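This briefing goes through a predicted model of a protein assembly, topic by topic. Please look at the sequence and structure below before reading on.

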Amino acid sequence: MQLTNRSKEVSNKQMTLAEKMYLPAIAQGLAITIKHFFAKKVTVPYPEVKRYLGPVFRGHHILKRDEEGRERCTACGLCAVACPAEAISMVAAERKKGEENLYREEKYAAVYEINMLRCIFCGLCEEACPKQAVYLRHDEFVPIFTERDEVIYGKDKLVEKMDARYIRNNPDAQATPTEPSYSRLSS
Amino acid sequence: MEPTKILFYALTAITLLSASFVVTARNPIHSVLALILTFFCLSGHYILLNAQFLAAVNIIVYAGAIMVLFLFVIMFLNLKTDDEESKTTVTKLAAVVVGGVLLVVMVAVFRVATMATYNPSSYTSKVGLVENLGMVLFKDYLLPFELASILLLVAMIGSVMLGKREAGDRHY
Amino acid sequence: MNTTELIIKGILIVVLFGVTLLIAMYSTWAERKVAGFIQDRFGPNRAGPGGIFQPLADAGKMFFKEDFIPSQANKWLFILGPCLAILTALMSSAVIPFGESIRYEELLIPVQGIEINIGILYVFGVVSLGVYGLMVGGWASNNKFSLLGAIRAASQNISYEIGFGLSIIAILMMTGSLSIRAIVESQHGFAWNLFNQPLGFIIFLTCAFAECNRTPFDLPECETELVGGYHTEYSSMKLGFYLFAEYINMFVSSAIISSLYFGGYNYPGMDWVRETLTGSLGAATGHNLATLIGTIVLFGKIFFFIFFFMWVRWTLPRFRYDQLMNLGWKTFIPLSILNVVVTGFGLLFDIKYASWAIIIVMVIMVMVSSARAPKPVVQPQRT
């Protein structure tokens, strides 16, 4: 069986004097390594230079607000059901009078917690959400944690900030229905 | 006392101590290391006698090559410190007799021998350096020098013959 | 020798010692940088700009690690091993001439630790003692792998010392002196020994690799076969001393290669530089400045060879043990003896470049042998 055209048959033939002297082969090898010495480095020095992770990267979770700034989540629990790692838990509450500018519908999540040690960033919660409320950001990692009590992310870390709204810049994937794009903001 | 004299006495003391440790040490590795130290001190004596070349060659040949081989072999043999059964009374007695005879011969020789003295008028700091040593070796003592080289050649050929694998037998 | 001369000499020795240690220290950093660059990486670049404080960080780490001595080890010899290794490594830089001379008023003080009549033999003696550090440490660890590493180190060093010594004899014959300073002075200007002794240079360089236990001859510390080599049981600064000794050895051998074959502090046009500088800046300042330029040139050569050591390390795989022994005993020793004989004939008939004859003959033999070799059968590619 021949897999590539570059395969070489192993032979035990007598070496010629040039091969026995090693020197030509050594010079060849040295030439190759010095070429690499001056070549462009492939390493990305991470914290200083960040690489574009792609339009569909699944990073930090975010709970979206709608165009008027009201939380979209209705605490239906479908994300928690979909979650294979059982990382999501929530407590639902009823919207009071005067809170209409905070929550879009009558029911909302009073507590919404994701255990980041359990989360496997599969994105099933994003797909399960009927209200387009939970997304996994494509541009941000979940930062490292060094203490146990930093592990569970509550609403304070998850809900979208109004002054830094999240828009997925994804020109290639305009048609995806789950896209939090400008067009959906305006509609 | 002059500094060279102090150096001489210190070196002599270390030489004698380490040489006696070679004989008395239980562990053969310690014994070899003490022998290396002895060679070092001997090289120090050569330097005090202004024979730098001899000192360097002593270190290269004895301390650097021969003693490494000694150490090499002893490490392979893995001798135990209490491996004493080979030393029977007969061997001990024979060793004492041989050593005593050697001592008698040495004492007899040194009693009659006259030490060569140096001539202070012709002595310069160059005596004992490698150029003069070469002149002496290749002019006055050419025949013994060449004979020694033939001896070494014969020894070398002998070792090559011993190490040579005969046709058909494989030792590995 | 008066007091001023003693003081200048003392300062010089301390400076040379410090420079040796500093260069060895930064060789560890350079080694990792070169390795990184050759493998398309950056190498250490976190501690300080470009990782410049990496050696300090490494040393700090080494000092604070647990200093472990195995319970069955021979304690005193276990400690003696790394001490011997670093001691012998540091001793050999004393006789290398790093520059011509410093002029202070009417005194001319050579830039050298000590000028002895048998400089090159001194270096050989010290190098041949270097193996004791490895052997004693490897044996005292009371570990089979360490012992095997030590024995490999010993047999390799003894085997290559012969080629090492014989390859140099041709140069000693041409110079007529054993003093390194005399050898360097005989290569004044651009009359470097490399042009008379190309074969000797190749043999010497290869043997220097073997004596330093550098790749492709790093069998004493072959991880795949010996767990770690002679320093398997070592930790903390004792291991650090072993590794450090290797880098000092590398610096010293680079310095000796540059002194013996690449003219040391000599460079083309050095007389013109000296005359111009003494003419324009006065006798003392100009002389010292010209010496400084020569020293810088020498260090340039040394750095090139240190780089070459690293370059080869990250290019070549290790030799097999039988290949190592065959190369040492069956190739280098006969070749260097041939080189001595041919150089001797050259000196007799006053032909300076006699040693090139061996190279030319070898090249012709190589070409004939390659031409007569059976052509590899080109198999038609199946589609």
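**Helix α12 of chain C**

- α12(C) has a kink of about 30° at Phe332(C), shortly before the proline Pro334(C).
- Phe332(C) is also one of the buried residues of α12(C).
- An α-helix has 3.6 residues a turn, so residues three or four places apart point the same way.
- What do the buried residues of α12(C) pack against? Their partners are three helices of chain C: α5 (144–175), α7 (198–211) and α13 (356–372).

**Backbone angles in chain C**

Most residues other than glycine have a negative phi, and most peptide bonds are trans. Chain C has the following exceptions to look at.

- Just after α12(C) comes Asp350(C), with a positive phi of about 60°. Asp350(C) takes this value although it is not a glycine.
- Asp350(C) sits in the loop between α12 and α13 of chain C. Is Asp350(C) buried or exposed? Asp350(C) counts as exposed because 7 other C-beta atoms lie within 10 Å, and the cut-off for exposed is 12 or fewer.
- Ser236(C) is a residue other than glycine whose phi is positive, near 55°.
- Ser236(C) belongs to helix α9 of chain C, which covers residues 236–261. With 16 other C-beta atoms within 10 Å, Ser236(C) is partly exposed.
- The peptide bond between Thr215(C) and Pro216(C) is cis, with omega at about 5°. Pro216(C) is placed in the loop between α7 and α8 (223–226) of chain C.

**Build of chain A**

- Chain A holds 6 helices and 5 strands. Along the sequence these follow the pattern α-α-β-α-β-β-α-β-β-α-α.
- Of the 187 residues in chain A, 15% are buried.
- Where contacts in chain A link residues at least 6 apart in sequence, 71% join residues at least 24 apart.
- In which order do the strands of the open sheet in chain A lie? The order of the 3 strands is β2-β3-β5 (chain A), and the pairing is antiparallel. The edge strands are β2 (88–94) and β5 (152–153) of chain A, each of which pairs on one side only.
- Strands of a sheet pair through backbone hydrogen bonds, either parallel or antiparallel.
- β2(A) and strand β3 of chain A (residues 107–115) run antiparallel and are joined by 7 bridges. Within this pairing, Glu94(A) stands opposite Lys107(A) in β3(A).
- Tyr135(A) is part of strand β4 of chain A, residues 134–136. Tyr135(A) counts as buried because it has 23 C-beta neighbours inside 10 Å, where the cut-off is 20 or more.
- Between Tyr135(A) and Glu86(A) there are 49 residues of separation in sequence and 17 Å in space, C-alpha to C-alpha.

**Contacts with chain C**

- Between chains A and C, 18 residues of chain A are in contact with 16 residues of chain C.
- On the side of chain A that touches chain C, the elements giving two or more residues are α1 (17–20) and α2 (23–38) of chain A. α2(A) gives the most, with 7 residues.
- By class, this side of chain A has 10 nonpolar, 7 polar and 1 charged residues.
- The contact between chains B and C takes 15 residues from chain B and 17 residues from chain C.
- Which helix gives the largest share of the side of chain B that touches chain C? Helix α3 of chain B, residues 52–77, supplies 12 residues.
- By class, this side of chain B has 13 nonpolar, 2 polar and no charged residues.

**Domains of chain B**

- Chain B is divided into domain 1 (1–79) and domain 2 (124–167).
- The C-alpha centres of domain 1 of chain B and domain 2 of chain B are 23 Å apart.

Key. Residues are numbered from 1 along each chain as its sequence is written. Chains are lettered from A and ligands numbered from 1 in the order in which they are written. This is a predicted model: local features need pLDDT of at least 70, side-chain atom pairs count only at pLDDT 80 or more; totals for chains, interfaces and linings use all residues. Two strands pair if DSSP finds at least two bridges between them. Helices (H or I, at least four residues) and strands (E, at least two) are DSSP runs, numbered from the N terminus. Two residues are in contact if their C-beta atoms, placed from the backbone, lie within 7 Å. Ala, Val, Leu, Ile, Met, Phe, Trp, Tyr, Cys and Pro count as nonpolar, Asp, Glu, Lys and Arg as charged, and the others, Gly among them, as polar. Domain bounds come from an automatic or database domain assignment. The bend at a residue is the angle between axes fitted to the seven residues ending there and the seven starting there.
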